[in-house]
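Me: I am new to reading structures, and I would like to understand the words used for them. Could we go through one together, step by step?

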Amino acid sequence: MANIWTLVEHRDGAVDSISWETLAMARKLADKSGGSVTAVVLGDGVGELAQTAFHYGADSALLVDDPALKDYRLETYGAALAELAAARTPDILLMGASDKGREISPFVAAKLGVGLASDALDMDLDGDSLLVTRPVLVGNLIAKITFSDAKPQMASLRRRVFPALEPDTARSGNVETVSVTLPETKTAVTGFEVAEGEVSLNDASIIVSGGRGVGGPEGFPTVKALADVLGGALGASRAAVDAGWIPYSHQVGQTGKTVQPDLYIACGISGAIQHLAGMKTSKVIVAINKDPEAPIFKYAKYGIVGDLFKYVPALTEAFKKELGK
Amino acid sequence: MKAIVLMKQTPDTAQLSASMDGLKLMAEGGPRIVNPWDEYAIETGLTLAEDHGGEAVLLTMGKPESTEAIKTGLAMGCKGATLLTDDAFENSDSLATARILTAAIQQQGDYDIILAGKSAIDGDTAQTAVQVAALLGIPYLGYVAKIEAIDFDAKTITVVRAIDSGRETVTSSLPAVVSVLKEIGEPRYPSFMGIRKAAKAKIPEMGLADLGLSADEVGAAGSNVQWPEVTLPPAQETQLELIEGEPEEAAKVLVQKLLAEKVI
C-alpha cells in the first residue's frame, strides 16, 4: 500500500507536461500496490490545478496557495515540499526530471536525509519499495537503483519515457489546503525572458539537427526550414555550436541536452559518441550525410548519402505538399 | 575573494569504442579526466579571481588517483586543492558525498562562492551540488549561463539561469553554490608553466577522521540508495535502410516511410 506523492510543476499556472507523465507513473505504482496518489500543488492562485490533477489520475491533492510562492524559487518551493513531506511522510515522492525537478528533488532529499534517483527511465515496486532504472555514463550504462527504508523514497522521471493518462474529466477528489512556514528568502527573481518562437528541445517530438556538414551559420536556415515545416525543434552538434554557427541552447549531446523525440533527423552530423549519447534513444533516426562511413548511420533507421543542401530542401518541399502547408 | 570549485574526476567517454564499452570504461578505461562540466566551473572561478583578486581552489572527493584531474585544474590556474579520500567513502550516494564535501567546506574558513558543473558524466545525478547548498543552508543557483553582476563586499550576485522555459534573472546573497553551464565561457588550456608547477604539487588529503565524520554517515552505510546492477543498455537493433535516388524522388520515398512510422 504505497502512499505516493507527485509534484505538479507549473509556471504561472501553466502545467509542465512532465508532471502528468509523472502522475501516470505514480498511478501505475499505486495500482500495483493498492496504494494512492496525492498531487502536491504549490503556487499562488493555483487551486484549479488540483482539479486538473484528478483528471490525470490523482486520488487527492495537497494545495499550498501562498503569495510567497508566486515566483518559483528553490528555497521556497524546496522548503514547502520538505516541510509537507517531513510532517506526513509519504512512502514515495516523485517529480519530473525537468530543470526544476532536478533541483527541487535533491534539495528535499538532503533536507529529509533520504535517497533519490534522478532522471528515471522506468520505475517499479518491490513490495512497497521503489525500484528505479536510470541511465549513467551519459546513457552508455543503465543502473538499477534500490532504496533503503528511509521514507520517502524519491525519484524524478525523465521526459517522454512514460505517457500521461488521457484526462478523465469525470474524476474528482479531495483537495486539502495546507499552509507551511516559508523561510526568509535570500534570492529574488528579477527578470524573465520567455524562449519565444522556438520549439523547446525538451518537449519536441520531432528534432531536426545540423552539424559540421552544415558548413556555417548561413547553412542553418536550410535545416530550420525542415524543422519548421514539421513543427519540430532545431538541434545542433557540439561542432556547430563550438564553431559559433548556432547558440549553445540548441546543442544536443554530452555537454548539451539529452533528447528522446519520436523523430530525429541528423543533417551533416557524423555521430561522435558525445552526440550519440544525447539522442540515440530517439524512436526513429534519419541521417543525411555525404560520408557513407559516418557512425550516425549505425544508429539510423533511414539514411541518405548525399549533399544535405540538395536533400534537405527537397524533404522540406515534400513535407509541405504532404502536410498541406 | 575565495572560490571553492567542486570537481570530480571521471572516465573519458571519448574512449568508448567497439572494444571499450561502458562497463569496461568504468572498470579500467584509459586516462581519467576532469569531468567536462566541471571545466566550466574551474574557468568561472579563475575568471572571478582575475577580475576581483583572490583565488580559486579545488575540492575533490574520489580515489587517490583523482590527483591526476586535480593537477589539470592546478595547471589551469587554481591556487590550491584538497582531495577527500578514504576507503570509507566508497559507494557514497550523492547525499553522503554532499556530507563529505560539506564537512570539508566548513573547515576551509571564509569563502565567497562555491562553483560546480551541471552534472558529472559518470553518475549523471546532478544532485550533489544542490545537496551541498542544502546542507550548508546557503542559496543554490543552478543552470547559470552568465554572471551578470557580483559584489563581494556587498555579498550579492546576479545571474542569468538558462532553464527549460526561458532565461531567468536571479539575485542572491553570497555565499552561494553556483552551478554553471557551458555558456559561461570556454575553459582555458593549462599553461606550460602551470603544468610544470602542478606536476610537482603535493595535494593535501583528508579522510573520515580529519573531517570529523563517522563511518555510518558516509559510504554505503551512510547512503539511502544502492546500485546493485549496472548493465550495458539493450543493443539497438536498427537495420539501416538507405534511400537512394535524386533529391526529389528520395524525399518523396522518405516522407511516405516516416508517415507510415507514425512519427509525424
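Me: Which residue just after H2(A) takes a positive phi, and of about what value?

Reply: Just after H2(A), it is Gly57(A) that takes a positive phi, of about 125°. Please keep in mind that this is a predicted model, in which local features need pLDDT of at least 70 and side-chain atom pairs count only at pLDDT 80 or more, while totals for chains, interfaces and linings use all residues. Residues are numbered from 1 along each chain as its sequence is written, and chains are lettered from A and ligands numbered from 1 in the order in which they are written.

Me: Why does Ala79(A) count as buried?

Reply: A residue is buried if 20 or more other C-beta atoms, placed from the backbone, lie within 10 Å of its own, exposed if 12 or fewer do, and partly exposed in between. Ala79(A) has 20 C-beta neighbours inside 10 Å, and therefore it counts as buried. Its place is in helix H3 of chain A.

Me: Which residues are buried in helix H2 of chain A?

Reply: In H2(A), which covers residues 47-55, the buried ones are Leu49(A), Ala50(A), Thr52(A), Ala53(A) and Phe54(A).

Me: What makes H3(A) and H4(A) oblique to each other?

Reply: Angles under 35 degrees count as roughly parallel, over 145 as roughly antiparallel, 65 to 115 as roughly perpendicular, and the rest as oblique. Helix H3 (residues 74-88) and helix H4 (residues 101-112) of chain A pack at an angle of about 50°, with their axes 9 Å apart, and they are therefore oblique to each other. The contact includes Leu74(A) and Tyr77(A) of H3(A), and Ile104(A) and Phe107(A) of H4(A), where residues are in contact if their C-beta atoms, placed from the backbone, lie within 7 Å.

Me: Why is H8(A) called oblique to H7(B)?

Reply: The axes of helix H8 (residues 308-323) of chain A and helix H7 (residues 247-261) of chain B come within 8 Å and cross at roughly 55°, and that makes H8(A) oblique to H7(B). Among the residues that make the contact are Lys310(A) and Tyr311(A) of H8(A), together with Pro247(B) and Glu248(B) of H7(B).

Me: How many residues of domain 1 of chain A are in contact with domain 2 of chain A?

Reply: Chain A is divided into domain 1 (3-177) and domain 2 (206-323), and five residues of domain 1 are in contact with five residues of domain 2. The C-alpha centres of these two domains of chain A lie 33 Å apart.

Terms used:
Axes fitted to C-alpha atoms, helices over the stretch in contact; angles between N-to-C directions. Helix = DSSP H or I, 4+ residues; strand = E, 2+ residues; numbered from the N terminus. Contact = placed C-beta atoms within 7 Å. Domains from an automatic or database assignment.
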